[in-house]
Structure formats: structure tokens, C-alpha cells
Amino acid sequence: MASPLLSVRDLTTVIRTEGIEFEVVRGVSFDMYPNEILGLVGESGCGKTMTALSVMGLIPSPAARIAGGRVLFGDRDLVSLGERAMREVRGDDISMIFQDPLTSLDPMFTIGHLLTEVIRRHRSVSRSEAEAMALQALTEVELPDPETRMSQYPHQLSGGMRQRVMIAMALMLDPDILIADEPTTALDVTVQAQILDRLLGQQRRRGMSMLLITHDLGVVAAVADRVAVMYSGEIVEQAPVTQLFSDPQHPYTQGLLRAVPQTRHQRGALHTIPGRVPPPQFVPPGCPFSPRCSQALVRCWEEHPELVPDDGRHLRCFNPQPLAPA
Amino acid sequence: MRYLASRTVYMLVILAISSVAVFYAIRLSGGDATAARLPASATEADRETLREVLGLNDPIYQQYFTYMGRLLSGDLGNSLTNNALISKMVVEHGRNSIILGAAAFLLVFLVGVPLGMLASVRRNTLADQGIMSLSVAGMAVPNFWLALLSIWLFASVLGWLPSAGCCEPRQLILPAIVLAAEGTALTVRMTRSAMLENLDSDWVRTLRAGGLSEARVIGKHVFRNALIPIISLAGLRIGQIVGYALIVEVIFGWPGLGQVLVNAVLRRDYPVAQFFSLVLVVMVVLGNWLADLGYLAANPRLRKT
């Protein structure tokens, strides 16, 4: 395999509330390669978004800070890179798309203004050249009637159109890496497929590396090349997509897959994982999943498992069992 | 555009209602209008003749229409006390009031908005707490007391500024600051909260993800959004300044509309009191209307519908 474009190593991010710091991202490591989609899945509150914001250097300050680890991009470590240099990277080398397109665009400025402002931040081009670039980007994401949209305000566009604008903004400077944080969650089901399709097409065409954050396993199965499963701030299993879906090893991954409704099975109660994600203040000392795990051993309650590589897969579990047929 | 039309109709209705209210209120306040014009030795017959001449014996609604008719044709009448032309008094004292009011209005925004922005950017630091404490003081201290206090300190003790008078720039400083104090304090608080509210928006993260600097994100985008509530409340600040001008002008001996009005009321000088009350009402209503226009102009979500 080619050398990674971005390497996250032992990334740890802490949040401080009422004077107490606790870890929301705990020793996360993963690699991103060119022309590849890495899916990052997990329940709400498991640290997916905080991981992405840590990579971007956009964690809410001063409430949160990166307490350790590195984010290697080329020959630079983004964690120790200064804010000024980091601003050069953001939007140009690494871009990000957010979950809610309705609230993610400044309502006081036109689409054209917002796009050209970012272009002129990174490229020394004239206003009209920037406008041409913005128009080109809007055309590429198949936003209907792009010339008119340039002079419109965000409130005049639908949610799906606004997400296309967000994608155009993220892609217009040809970034090496795109982080998409739940890009379709807030949209209508019919629009979701279109947006995902647009995103995927652009990723393939540009040979870009993409981190797709989602809790929708169907989306991951359809588009991702590799998948990392997060639980309670750590990656518990990481594998190529076919391997993960055909032979999940971690009991949490197995639970997630069984929780997906299957139309071909008989009707009845949907499978659920008992309990919920522990809040970061109260992570159990052993395996954080042990309180909810049906196959936990005494060791799981006492010792914290490491993420162990094994034949292209990484697994953090003392007692993996094959998935019982549903 | 419908918004603009409805605001304008609303303004005209308010003006009509308040002109009636002002007219009745002055006649209900008791006292004898002839006392202003005639010497104390005048007989009851003389007073009755004068009342007849001035139309004071007509029913009030009839007096109202006669008065409004004259007003709209440009005849503002004369003062009862010294027979001065009211139109001349308006020009002379109006200019002074506009100077003082405009100075106070500028102070409110040129001081209030930057301080509020500073407090929001330095949230929960010493600077923020200092600014917010000052603003609490600015709202809590009644302006007549602040006026007396500032005269005592800057005129009597330190001797830096004159205590009263018109119309040197040095004489403008104290009354303008006192007049602006409460509005500035409110504007600081409002700017701070509007900035903080917008700083938490999702789109701030989008702009940062685009690599824009904090100066751009906050100074341009967040500020532009925070400006909407600031503009819409500018109308209230105008009303506040007009109202407080009565007190502040009297204390500092600043010969503006407020001072004339207070004197006219004390002397039962109906035509003057009536007209100057109306002028203040018009200024307040017009100020609110202008703020509505500004709100419309500043907010793209209202502009095209």
C-alpha cells in the first residue's frame, strides 16, 4: 500500500468542565491513504466529531484541548503546528463538511461572497477569477442554476442545495483530504442519496482521501473502503469494509450490525445493545464496553485491552467470539 | 416592502393617537392658562375675554381640530408668556437639542459597541468583568444623580470642565456623557450577548474550517450578525435620549427643547408645552421608524420575500 497521506497517532483530546478534565478522544490512531474512503462509525457521543475537529484544529477552545498524540500530514505535525500555519492548511489541504447545512452558512452573506472569501484567503486571484472558480465548483456539485445561486442568500436555498454549497466550498480548492461529518444525516432521505452520490463522484474523480463520519452502517457498507468503529473515545475495531461486515470480531461491532433492521428477517423487536455509552467522566477502568458486553470476562473488567493488529484488522478485545447467527 | 408599508402606517397611527393624547393631557393638567398672559390683578371678566379669544371655551375636540388645522398649515402660534413665535423657538432650541442628542447617540454606539465586542472576545476575563461591572453601574445610577455627581467632581473639585451653559464644545462634554450613560451601558450588554450568541453558531465553524482568521470571523461575520439586534434597538435608544434630555438639559442649563418644555409646563404656557411635547413624540416615533428601516436594510432574510 502507498504511504499514508495523514497519520493520526495516539490522539487524545480532553474537555474541561467545572475544573475537571476528562478524555473524550483516547489514544486514537488511524491512517488515511490517497483515493480511499475511511468510514468512522459509532453511537452519538462516542467521540467521532471530536476526533475530526481535533484533526482540523477546530476543537472548542478553551473548553477543550489536545492533550497528546500527533497528526502527521506530509512532514508536519498538525497538533504542534501554530494556529497561523494551521489556517493555511484548513480549507485548502484539508476541508470539512458539517452535519447541518441549514445552520452552517453565515445568513448575512451571499453564497458567492462566502465562497470567494475562502478562495481569496488561500489564492491570490482577482475577485472575478475567484467568482469564476466558485461558479465552477457550484456547477461541479450540480447545484441547479449556479449563476443565480451566487447572488442568493443561504435562506433562499433548500437544505439539499445548501449542502451542495458546503461540498462545493470544501472541494473548490482541491484538498488532499476531505472530512465529512454526518453529511447526509440532516437531509431528506431522497436528497441523502443524491448528496452522497455527488460526494463519492468527486472523491473518485479527484483521487481524494475522505474521512466519512456516520452512524449509518448502510452508507458505510456502500461507500467506504475501510471502517473504524469507535466506542467511548477509542477505536475498538478497524478493518477493510468487506472483512468488517462479513466477519465482525468486536462484540460492539457485532451489536451495531445486528441492530440494523433487516427486511428479510421476520418482524419483531429490533436488536438493541443494552445500556448506553458511558459518559466520559465515568469510563470503567477495564474495557469500556464491559458493562454492556454479553461475553465479558473478569479480565475485561480489570484490564484495559490494547488495539492489536491481526491480518489487516485491528481489534481491541480480550475475548472475541464469532458472530452468532441472528 | 410590505414590512416597510406596515411600519409606516403603524408610525402614522401612533402619531395621530399621541397628538390627541398630548392635547388632552395638557388640558387635563389643571391650572389657568390666562395666568401666563395676564397680571395677577386682572379681573375675572378680563380673563374670560382672553379665554374666549384663545378659544379655550370651545369643546376640547373642537380646539384640537382648530389647532391641528393651524399646525398643518404652518402656523405654530405664539408663546403665552412672551408672545415669541414658536416657530423661531423650535429652530433656536431645536438646534441645541440636536447637537446634544446627536453627541449622546454617537457616544452610545461608538463607546457601547466596541466595549461590548471587547467583552465578548475576552469573555470571562478581567477585562470582561470590568466592562460588565461598569455597565451595571451605568444602568443602575439614575442620570440626574450622575449629573450632579459629575458636576461636583469635574467642575467643583477638579475644575476641568464647566458645570453648565451652552454652547461651547467643552460645555457639551458633561451633559452628553450623562445623557449617554444608560444607553451605552445597555448597548454594551446587548452587543456582548449578541456577539456571544453568534459566536456559538455552526457557521462560525464553517468559516474557521475555510481557514479564515479570527479577526475576519469575529470582526466581519459575527459582528455583521450581531448588528441586527443592535440596530433594531437603536430606536429605543433614541426614545431614551429624548426623554432623559428633559432632565439633563435642565440640570446643565442647556437651552434645548427639553428645557423649554419644562418651563412652559410650569408656566401653563399651553401652545408652547403642547407643540414641544408633540415634537418630542414625533422624534421618538420617527426614531423607531428609522430603526425599523435599518433593521430591514441590515437583514437579508427580510429584504426579499
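A crossing of two helices is called right-handed if the near helix is turned clockwise from the far one by less than a right angle, and left-handed if the turn is anticlockwise. In this predicted model, the crossing of helix 1 of chain B and helix 13 of chain B is right-handed.

Two packed helices are described by the angle between their axes and the distance between the axes. Helix 1 of chain B spans residues 2-28 and helix 13 of chain B spans residues 270-298; the two pack at an angle of about 160 degrees, with their axes 10 Å apart. Angles over 145 degrees count as roughly antiparallel, and helix 1 of chain B and helix 13 of chain B are therefore roughly antiparallel to each other.

On the helix 1 side of this contact in chain B, the residues include B:Tyr3, B:Arg7, B:Met11, B:Ile14, B:Val22 and B:Phe23. Helix 13 of chain B contributes, among others, B:Tyr270, B:Gln274, B:Leu278, B:Val285, B:Trp289 and B:Asp292. By class, the contact between helix 1 of chain B and helix 13 of chain B comprises 16 nonpolar, four polar and two charged residues.

Chain A may be considered in terms of its domains. Domain 1 of chain A covers 6-93 + 175-315, and domain 2 of chain A covers 107-174. The centres of domain 1 and domain 2 of chain A, taken over C-alpha atoms, are separated by 29 Å. Where the domains of chain A meet, 14 residues of domain 1 are in contact with 14 residues of domain 2. Helix 7 of chain A (residues 189-206) gives the most to the domain 1 side, with seven residues. That side of domain 1 of chain A has eight nonpolar, three polar and three charged residues.

Key: Residues are numbered from 1 along each chain as its sequence is written. Chains are lettered from A and ligands numbered from 1 in the order in which they are written. This is a predicted model: local features need pLDDT of at least 70, side-chain atom pairs count only at pLDDT 80 or more; totals for chains, interfaces and linings use all residues. Axes are lines fitted to C-alpha atoms, for helices over the stretch in contact, and angles run from 0 to 180 degrees between N-to-C directions. Helices (H or I, at least four residues) and strands (E, at least two) are DSSP runs, numbered from the N terminus. Angles under 35 degrees count as roughly parallel, over 145 as roughly antiparallel, 65 to 115 as roughly perpendicular and the rest as oblique. Two residues are in contact if their C-beta atoms, placed from the backbone, lie within 7 Å. Ala, Val, Leu, Ile, Met, Phe, Trp, Tyr, Cys and Pro count as nonpolar, Asp, Glu, Lys and Arg as charged, and the others, Gly among them, as polar. Domain bounds come from an automatic or database domain assignment.
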